[in-house]
Amino acid sequence: MQADTIITGATVITMDAERRVIRNGGIAFSGDCIVAVGKAADLAAIEAREVVDGSRFLLTPGFVNAHVHLTETLIRGFIPGDLPFDETLGRWVIPLYKDHAPAEQAVAAKLAIAAMLRTGTTTFLEAGTVIAFDEVMAAIAETGIRGRVGRWTEDRAWDPAANAEALTRNAFAALERDLEAYPQDGRRIAAWPNLIGHMTATDALWRCVTDLARRTGTGVSAHMSPVAGDSAWYLAQTGKRAVEHLSDLGVLGPHLNLVHMVHIDAREAELVAASGANVTHCPDAALRGGYGVTRRGLFPEMAAAGVNIALGTDGADNHDMMRVMALMASLFRDAREDRSLFPAHAALEMATLNGAKVLGLSDSIGALAVGMKADIVAHDIRRPEWVPLNNPVEQLVASADGRGVDSVWVDGVRVVADHRCTLIDEDALWTEGQAMAEAVLGRSGLPLVSEWPII
């Protein structure tokens with residue numbers, strides 16, 4: 001057998017069907033696909049153009065971030081953390097975000113991608129909030145990451161004078177154009193017909209987008225019920241809770257990814273399970289946002305009912321999926337006083353295999369196995385959090401974080417080496433990002449809120 005690259009002598013968490021963890025193992029890949037995984041001795045006969053000494057590496061599949069706001073990084077750290085949810089969005093987040101120029105959105109997206117790649121994320125699903133869609137797609141096309149991206153899409157006519165039919169027609173037409181321009185034809189970065197969600201989309205748009213996703217083999221991701229407001233609105237307008245209303249519309253199904261889903265009841269959880277819809281939980285965002293997830297969240301019940309639960313980082317503050325896994329493996333154990341809930345291996349499945357299922361990519365990503373894409377993360381185990389290396393899965397989730405990621409391959413291309421992105425000029429990006437953030441925040445007129453003086 002021949003290969004382009006072989007990484008040998010590493011510890012390998014395969015996430016394959018047998019969930020093998022291989023000490024002194026190796027992975028060989030040709031082009032964009034894995035051709036062999038096993039003990040290093042068993043792979044010794046493979047001829048490869050490049051041999052990477054993996055003795056200081058633990059290898060995992062690339063992580064899948066199933067919910068990330070790609071273009072919020074320029075306002076990182078600026079939003080006060082102690083304001084009510086509606087005020088945070090209405091006065092701070094959305095006005096700041098919509099004031100971005102196209103070039104600023106493009107740089108913000110590259111900052112997010114650099115942060116994801118550097119911490120082991122190889123595939124992402126964007127939250128459906130990109131405004132300068134073409135500019136962002138052009139900026140991220142050569143970064144090497146794999147992703148599905150959605151534009152900011154809503155059509156609810158909050159102004160009675162607005163042309164409601166035109167809002168729906170224009171919103172849907174834009175999504176159709178995106179899928180034509182950036183189809184899922186083998187390219188790493190493609191479009192999805194995502195929705196903002198909450199109560200911002202009409203029933204007509206929900207039905208149209210669902211039909212579009214089913215016809216094109218894409219999917220729909222939408223925010224729903226992080227706090228009580230979504231279901232309160234649906235109850236007032238339709239007499240049913242949010243997920244019950246979506247069920248009545250016929251839009252639930254395996255194509256759908258509902259994000260947050262903290263303030264749902266048992267009946268809504270049952271409907272999600274019966275439909276095969278996916279749920280993405282963002283534990284860091286939920287805790288920071290004070291959503292009440294430990295008190296209200298039905299994630300243990302949904303998992304027990306067979307709901308596919310993936311993980312996401314959400315907004316600008318954190319793009320490290322390893323931190324998210326650690327939270328997922330902790331918060332419900334404490335909330336329910338049950339140490340059996342969401343052990344480390346379950347959290348790792350959520351960040352790999354379950355995320356791959358959300359994106360319809362279970363046959364190509366999420367595991368290190370023959371025939372799968374060569375999306376590989378090399379964690380440097382010559383660090384204090386890894387020594388001694390006893391149980392690799394437990395230590396990956398409980399002890400380590402993304403700062404230990406040394407190298408990352410996507411489609412067999414080494415996009416991170418020695419802790420730096422290879423396809424992104426990081427120094428230039430840091431400089432440009434700082435200047436653009438200062439410009440965005442400066443023209444906003446909003447104050448920098450800090451309890452301590454910044455001088």
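How many bridges join strand 8 to strand 9? I began with this pairing and found 3 bridges between the two strands, which run parallel.

**Entry 1: basis.** I worked on a predicted model, in which local features need pLDDT of at least 70, side-chain atom pairs count only at pLDDT 80 or more, and totals for chains, interfaces and linings use all residues. Residues are numbered from 1 along each chain as its sequence is written, and side-chain values use heavy atoms, with hydrogens and water left out.

**Entry 2: the sheet.** I took strands (E, at least two residues) and helices (H or I, at least four) as DSSP runs numbered from the N terminus. Two strands pair if DSSP finds at least two bridges between them. I looked up an open sheet of 4 strands and noted the order 6-7-8-9, with parallel pairing. Its edge strands, each pairing on one side only, are strand 6 (63–68) and strand 9 (189–191). Neighbouring strands of this sheet are turned by 15° against each other on average, direction ignored; the axes are lines fitted to C-alpha atoms, and angles run from 0 to 180 degrees between N-to-C directions. I also recorded that Val149 stands opposite Ala191 in strand 9.

**Entry 3: salt bridges.** I counted as a salt bridge any side-chain nitrogen of Lys or Arg within 4 Å of a carboxyl oxygen of Asp or Glu. The structure holds 27 of these. In one of them, Arg146 meets Asp375, with the closest N and O atoms 2.9 Å apart. Arg146 lies in strand 8 (residues 146–149) and Asp375 in the loop between helix 14 (344–358) and strand 14 (376–380), so the pair ties together parts that are 229 residues apart in sequence. Both Arg146 and Asp375 are buried (under 20% relative accessible area; exposed is over 50%, partly exposed in between, with a 1.4 Å probe and protein chains only).

I next examined the salt bridge of Glu385 and Arg383, at 2.6 Å from N to O. Arg383 is partly exposed, with a relative accessible area of 24%. A further salt bridge joins Arg403 to Asp401, its closest N and O atoms being 2.6 Å apart. Here Arg403 counts as exposed at 62% relative accessibility, whereas Asp401 counts as buried at 17%. I then noted one network, in which salt bridges that share partners join Asp32, Arg146, Arg188, Lys373, Asp375 and Asp411.

**Entry 4: the largest pocket.** On a 1 Å grid over the protein atoms alone, a pocket is an open set of points where a 1.4 Å probe fits, with protein on both sides within 12 Å along at least five of seven lines; lining residues have an atom within 4 Å of a point. A volume is the space filled by probe spheres set on the points. The largest pocket holds about 1,300 Å³ of space. It is lined by 44 residues, and those closest to its centre are Phe85, Thr88, Leu89, Val93 and Tyr291. Helix 1 supplies the largest share of this lining, 8 residues. I classed the lining as 19 nonpolar, 15 polar and 10 charged residues.

**Entry 5: the second largest pocket.** I found a volume of about 530 Å³ for the second largest pocket. Of its 22 lining residues, Thr73, Arg76, Leu111, Ala115 and Ala316 lie nearest its centre. Helix 2 (102–118) and helix 16 (426–444) each supply at least two residues of the lining, and helix 16 gives the most, with 6.

Terms used:
Ala, Val, Leu, Ile, Met, Phe, Trp, Tyr, Cys and Pro count as nonpolar, Asp, Glu, Lys and Arg as charged, and the others, Gly among them, as polar.
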